[in-house]
Amino acid sequence: LGKTLIHKHSTGSTQIIGHQLAVEGTPHGTVVVADVQTEGKGRFDRKWHSSNNKGIWMSIVLRPNLLPNQAPQITLLAATVIADVIKSKTGLSPNIKWPNDVLINNKKVSGILTEMQAEQDRIQYMVLGIGININQSVETLANDIKASATSLRIESTIEWNIRDLIQETLAHFEQAYDSFIDEGFSPIKSKWESYAYMIGQSVRIKTFKKETTAQLIGIKEDGALIIKNEDGSHESLYSAEIQW
Ligand code: BTN
């Protein structure tokens with residue numbers, strides 16, 4: 001992992017470069033990092049603020065020999081890796097909001113965007129995009145996310161070495177990915193659950209079909225979110241958003 005590492009000062013989105021490289025046949029584990037993204041992408045077509053040298057903006061090209069429906073497990077794995085790195089490096093206590101937002105003190109510090117190309121029921125490649133807010137101050141955090149986002153610096157009052165944290169994240173990810181391939185998802189599931197945010201609590205959940213209030217129960221082996229509806233029925237969700 002990271003044997004091929006492409007560093008851009010400025011680019012639209014490292015995701016787009018990741019896709020281009022993947023199509024051209026770049027090997028598994030290729031990493032694209034940018035100091036600044038002019039069109040950082042978040043989930044649900046949202047913008048992802050990626051200001052110059054203030055965070056980790058990177059994409060990893062993966063070629064797992066997995067079925068497309070196992071892709072969510074890799075995303076959950078990435079979230080646990082980020083939470084682990086934040087916890088061990090900074091001593092802060094991160095949580096993960098399903099599926100893959102990493103929070104500190106109820107505010108989002110990191111997001112993951114997984115994009116995948118699948119054919120004939122096999123994953124051709126995945127581009128795993130990781131954004132971590134690191135050295136923004138309250139003043140330099142973009143206005144529209146001030147209320148809901150944070151950075152490692154805001155939470156710890158320390159200025160962090162971004163290069164160091166990239167290395168740490170990649171090393172950790174490689175280890176976790178290899179053990180996932182060898183041992184499956186169970187160890188990651190319990191790790192993920194140890195960071196889980198608002199489990200047991202009632203939240204508003206939005207899916208493509210509806211918006212409802214439900215209790216968060218946990219996750220399944222395949223990464224789905226288990227909820228308990230107000231009528232007592234259990235349901236597994238594969239794509240949904242937990243409201244703030
Ligand atoms: C989200 O929480 O909505 C996901 C955010 C993902 C942001 C990262 S930054 C690196 C990569 N390039 C992008 O354009 N997006 C992802």
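Just after α2, the backbone does something to look out for: G91 takes a positive phi of about 75 degrees. Helices here are DSSP runs of H or I with at least four residues, strands are E runs of at least two, and both are numbered from the N terminus. The model is predicted, so local features need pLDDT of at least 70, side-chain atom pairs count only at pLDDT 80 or more, and totals for chains, interfaces and linings use all residues. Residues are numbered from 1 along each chain as its sequence is written.

As for α2 itself, its 20 residues reach 29 Å from first C-alpha to last, close to the expected 28 Å (1.5 Å times one less than the number of residues).

The protein chain splits into domain 1 (5-195) and domain 2 (202-242), with bounds from an automatic or database domain assignment. Their C-alpha centres lie 24 Å apart. Ten residues from domain 1 and eight residues from domain 2 make the contact, which is counted when C-beta atoms, placed from the backbone, lie within 7 Å. On the domain 1 side, α2 (71-90) and α5 (186-195) each give two or more residues.

Then there is the ligand, with 21 residues around it, of which S13, G42, G111, G129 and G131 come nearest; a residue is near if its C-beta atom, placed from the backbone, lies within 6 Å. At least two shell residues come from each of α1 (14-23), β3 (55-62), β6 (107-119) and β7 (122-133). By class, the shell has six nonpolar, eleven polar and four charged residues. Nonpolar covers Ala, Val, Leu, Ile, Met, Phe, Trp, Tyr, Cys and Pro, charged covers Asp, Glu, Lys and Arg, and the others, Gly among them, are polar.

Definitions and conventions: Two residues are in contact if their C-beta atoms, placed from the backbone, lie within 7 Å.
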